[in-house]
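I opened this notebook to record what I looked up in one structure. The entries follow the order in which I consulted it.

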Amino acid sequence: MVSRVCKSFSGLEVLRDVSLRCDEGEIVGLIGPNGAGKSTLINAITALMPVNSGEVVINGLRVSNTTPQFGAMSGLGRTFQNIRLFKRLTVRQNVEVAHTSALRDKPGEAAAIDLDDLLAQFDLSAFADWRAGSLPYGSQRRLEIVRALALAPDFLLLDEPAAGMNAGETSALIDAVRQSSKAFGCGVLVIDHDLRFIMTLCNRIYVLDAGQIIASGTPEEVRNDPQVIEVYIGHPKNQPTQDH
Ligand SMILES: Nc1ncnc2c1ncn2[C@@H]1O[C@H](COP(=O)(O)OP(=O)(O)OP(=O)(O)O)[C@@H](O)[C@H]1O
């Protein structure tokens, strides 16, 4: 899906020949130190910023160097590191806005989505009539995911979905994301700094360092890769601290 992407800012190479794949129903993790280029890669995949070379292809359509709207129409759903909900609308209205546009663009797939089930799966039923801006932080993060799923995406990008969540919430999030990936048959690409979360959730993981993929494989393979240990896992601040 991402093929040999390069991206520079004013001559500074931030992504160098990055390729990655996320198949249908697969949950893939992307990890790396601060400044490695993870957000830039997500922005390139969702066509929020253009690439210098290489391409991003979703469902056979080239999405790179188009527009975020084209990315969404090609099947990409996403959440943001900084939550971007309609804070004055209710939880249900936030999800309905997304679902309404999916009913227009993908009527068959969208009609099969039961919004009540989706809210329940992400533990949001009790909050359905609350204003999104008044929800606890962890619930706002889950609402972002539900809203992205209401678009009936073929690929879902989750940017730091577990940020600020406690161990119990993170564990519930893992179950909900797995169930959704299975139910929707969508590929999921997840970025997070919580290594235990990524290692538990993902089937495969890519490690980005200084704009290059330095390792990829199963959680076990990545955890034992000497280069990954040296540049990332070995850092005391990245040691897993929570049990899920
Ligand atoms: N718009 C921009 N203009 C210039 N440089 C940028 C821009 N966006 C990102 N960078 C630089 O690109 C590099 C990668 O940044 P990026 O935010 O993609 O890393 P990251 O892996 O997401 O980091 P973090 O984990 O801290 O969010 C950094 O050196 C950053 O300063």
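**Entry 1: two loop residues**

I located Asp123 in the loop between helix H5 (115-121) and H6. Helices here are DSSP runs of H or I with at least four residues, strands are runs of E with at least two, and both are numbered from the N terminus. I note that this is a predicted model, in which local features need pLDDT of at least 70, side-chain atom pairs count only at pLDDT 80 or more, and totals for chains, interfaces and linings use all residues. Residues are numbered from 1 along each chain as its sequence is written.

I read phi of Asp123 as near 60°, a positive value in a residue other than glycine. Asp123 is partly exposed, with 16 other C-beta atoms within 10 Å. The scale is this: buried means 20 or more other C-beta atoms within 10 Å of the residue's own, exposed means 12 or fewer, and partly exposed lies in between, with C-beta atoms placed from the backbone.

I then turned to Ala152, in the loop between H6 and strand S7 (155-159). Its phi is near 55°, again positive in a residue other than glycine. Ala152 counts as buried, with 24 C-beta neighbours inside 10 Å.

**Entry 2: the nonpolar core**

Of its 70 residues, Val146, Ala150, Val188, Val190 and Val207 touch the most other members. Helix H6 (residues 137-149) gives the most to this core, with five residues.

Which residues does Val190 contact, leaving aside its neighbours within four places in sequence? I listed Ile27, Gly29, Leu158, Pro161, Ile198, Leu201 and Cys202. Contact means that the C-beta atoms, placed from the backbone, lie within 7 Å.

**Entry 3: helix H10**

In helix H10 (residues 226-233) I found Val228, Val231 and Tyr232 buried. These residues cover an arc of only 85° around the axis, which puts them on the same side of H10; the arc is that of the directions from the helix axis to the C-beta atoms. The face turned away from this buried side carries the exposed residues Pro226 and Glu230. Among the elements covering the buried residues of H10 are strand S3 (27-31), strand S9 (204-209), strand S10 (212-217) and helix H9 (219-223).

Conventions:
Contact = placed C-beta atoms within 7 Å. Core = buried A, V, L, I, M, F, W, Y, C linked by C-beta atoms within 7 Å.
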